[in-house]
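With the structure open in your viewer, please follow this tour selection by selection. Each stop says what to pick and what is found there.

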Amino acid sequence: MTQHLAAPLTGTSDDAPGHRHGWWQDAVIYQVYPRSFADGNGDGMGDLDGVRRRLPYLRDLGVDAVWLSPFYASPQADAGYDVADYRAIDPMFGTLLDADALIRDAHELNLRVIVDLVPNHSSDAHEWFKRALREGPGSALRERYHFRPGKGADGELPPNDWESIFGGPAWTRTTDPDGTPGDWYLHLFAPEQPDFNWDHPAVADEFRSILRFWLDMGVDGFRVDVAHGLVKAPGLPDIGGAGQLRLLGNDAMPFFDQDGVHEIYRQWRRILDEYPGDRIAVAEAWTPTVERTANYVRPDELHQAFNFQYLGTSWVGSELREVIDASLAAMRPVGAPATWVLSNHDVTRHATRFASPPGGGTQTREAGDRTLGLRRARAATLLMLALPGSAYVYQGEELGLPDVTDLPDEARQDPSYFRADGQDGFRDGCRVPIPWTREGSSYGFGGGGSWLPQPEGWGALSVEAQTGDPGSTLELYRAALAARKEHPGLGAGDAVEWLDAPEGVLAFARPGFVCTVNTTGTAVRIPAHGRVLVASGPVAVDGAEAELPADTTVWWTV
Ligand code: NOJ
């Protein structure tokens with residue numbers, strides 16, 4: 001029996017005859033990292049009840065949907081991306097009733113809910129994996145993962161040369177029930193995250209059932225973790241060479257972006273389409289090019305894919321223009337919306353990335369020049385929200401939060417930090433619980449402490465401190481999201497018209513709208529394109545001309 005615990009949201013963003021487009025084609029989707037958003041029971045760890053209570057804040061911010069990072073039962077070896085039970089909520093986040101209440105309340109506020117789905121690997125505490133180990137060689141459950149004998153005289157060497165994305169070999173040797181060293185199993189991430197064998201029909205069946213479970217709960221969609229990793233090249237061939245993998249790297253590999261993944265997504269699409277209310281899936285697919293990414297969003301596959309090429313682009317005008325053009329061109333033939341993202345729970349917040357000279361990559365421990373970083377981050381956000389398609393906002397970026405670059409080592413929890421000997425894996429810096437109030441224990445995050453220490457001065461960046469201050473980053477986001485909803489030239493689309501502009505300045509038109517972005521460190525004179533709709537910094541309009549300050553974006557309504 002199919003029971004809809006929460007009613008689906010229906011309706012589309014544009015019901016004009018002959019041009020129906022789904023809500024997701026121009027949606028602004030807000031990523032909640034449940035550990036660090038709001039703590040409802042005061043134990044120092046965010047939870048679903050905390051999220052639920054703060055939903056009105058998200059409605060007022062003006063986003064269309066909320067994507068929640070994993071809240072499933074998990075030993076938390078990788079902050080919940082190691083799932084032990086895909087149909088249960090981890091007690092630290094609440095219960096299934098809390099999830100149901102959250103989905104219902106969100107829908108009442110006209111917010112959609114996207115949940116994270118982790119199909120590439122389970123936790124080593126998943127029932128299948130535990131039994132596979134317990135039952136020993138020959139257990140049928142071992143076929144649902146990648147178990148292999150080792151190489152070398154006594155099987156003492158890993159079956160191939162693949163490295164874990166978190167550092168070290170991608171294989172861990174097991175101990176047989178009789179205590180002797182046994183086969184090895186594959187884990188592209190931590191040893192606590194064994195990879196599923198997607199060639200086994202039971203794995204595919206199980207995930208189709210998990211999809212239905214959450215669709216029946218009323219969720220509006222899924223963010224598919226490591227969507228490019230499910231299928232491995234036959235025979236698990238060696239790659240050759242060391243240092244082959246970086247965290248979320250995008251090179252072609254025998255375990256990434258194999259053509260076989262697409263058949264899985266075709267099957268999932270058919271399930272999503274069976275449900276009312278425009279349910280969607282977005283791929284976390286790190287591929288070598290935007291063209292390869294477009295394969296995941298062909299009309300019979302997923303709806304969106306994150307644009308990591310955009311996320312990885314420095315604050316350099318020519319590079320931004322190039323990636324914008326390439327992204328729009330890649331999505332046009334498949335009819336999928338381009339997506340834009342600047343921050344998430346795996347990368348250094350953009351206010352900190354842009355605080356250092358270009359080329360520092362997506363993870364850094366440098367605090368850089370915070371004033372400069374924030375000015376650029378505000379300008380970068382306005383650029384992103386002006387582009388055609390859908391955009392992702394990571395919790396706290398609307399407060400202009402920097403990464404916390406000086407977390408003490410003993411507070412860190414990112415498994416990649418430990419596996420890479422502290423050389424990599426600074427993801428804790430963007431995961432620090434966000435400040436809601438100026439003062440008070442954990443700055444309003446909850447009644448108690450916070451699982452990662454919040455820095456001094458965090459309260460000055462709080463929602464409370466910024467609300468009503470017209471110069472604040474929070475009010476900038478509110479104004480931009482409101483304008484994006486109201487202005488017909490913003491939102492969905494597949495093209496921009498570039499206008500002439502001085503070097504380092506981007507200017508493009510959309511119907512009735514112009515966006516001008518100065519990525520350089522000096523003010524420039526530009527034509528005034530109409531009335532200023534929203535600006536990331538002070539702009540002086542002087543008749544037909546305007547002075548666009550350094551690192552500033554202005555939206556004009558023509
Ligand atoms: C991508 C997730 O975003 C990241 O946080 C996680 O560590 C890996 N996938 C493994 O699930």
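Begin at the ligand and select aspartate 78, where a polar side-chain atom lies 2.6 Å from an oxygen atom of the ligand. Bear in mind while looking at such distances that this is a predicted model. Then bring in arginine 223, which has an N or O atom in its side chain 3.0 Å from a ligand oxygen atom. To widen the view, display the 13 residues around the ligand, of which Asp78, Asp225, His345, Asp346 and Arg427 come nearest.

Now zoom out and colour the protein chain by domain: domain 1 takes in 26-120 together with 201-233 and 246-479, domain 2 covers 127-186, and domain 3 covers 495-557.

Select next residues 201-216, which form helix H5; its 16 residues reach 23 Å from the first C-alpha to the last, close to the 22 Å expected at 1.5 Å a residue. Which residues of H5 are buried? They are Ala202, Val203, Ala204, Glu206, Phe207, Ile210, Leu211, Trp214, Leu215 and Asp216, a list that includes the acidic side chains of Glu206 and Asp216. When reading such a list along a helix, recall that an α-helix has 3.6 residues a turn, so residues three or four places apart point the same way. Just after H5, stop at glycine 218, whose phi is positive, at about 105°.

For the last stop, show strands E17, E20 and E19, which in that order make up an open, antiparallel sheet of three strands. Strand E17 (524-527) and strand E19 (540-542) are the edge strands, each pairing on one side only. Neighbouring strands in this sheet are turned by 30° against each other on average, with direction ignored.

Keep E17 and strand E20 (residues 545-548) selected: the two run antiparallel and are joined by four bridges. Among the pairs to pick out, isoleucine 526 has alanine 546 of E20 as its bridge partner, while proline 527 is partnered by glutamate 545 of E20. Finally, display the side chains of E17, with Val524 and Ile526 on the covered face and Arg525 and Pro527 on the uncovered one. In a regular strand the side chains alternate between the two faces of the sheet.

Key:
Residues numbered from 1 in each chain as written. Predicted model: local features only at pLDDT ≥ 70, side-chain atom pairs only at ≥ 80, totals over all residues. Heavy atoms only, no water. Domains from an automatic or database assignment. Pairing = 2+ DSSP bridges. Axes fitted to C-alpha atoms, helices over the stretch in contact; angles between N-to-C directions. Expected span 1.5 Å × (residues − 1). Buried < 20%, exposed > 50% of the residue type's maximum accessible area, 1.4 Å probe, protein only. Near = heavy atom within 4 Å. Polar contact = N/O pair within 3.5 Å; in protein donor to acceptor, adjacent residues only side chain to side chain.
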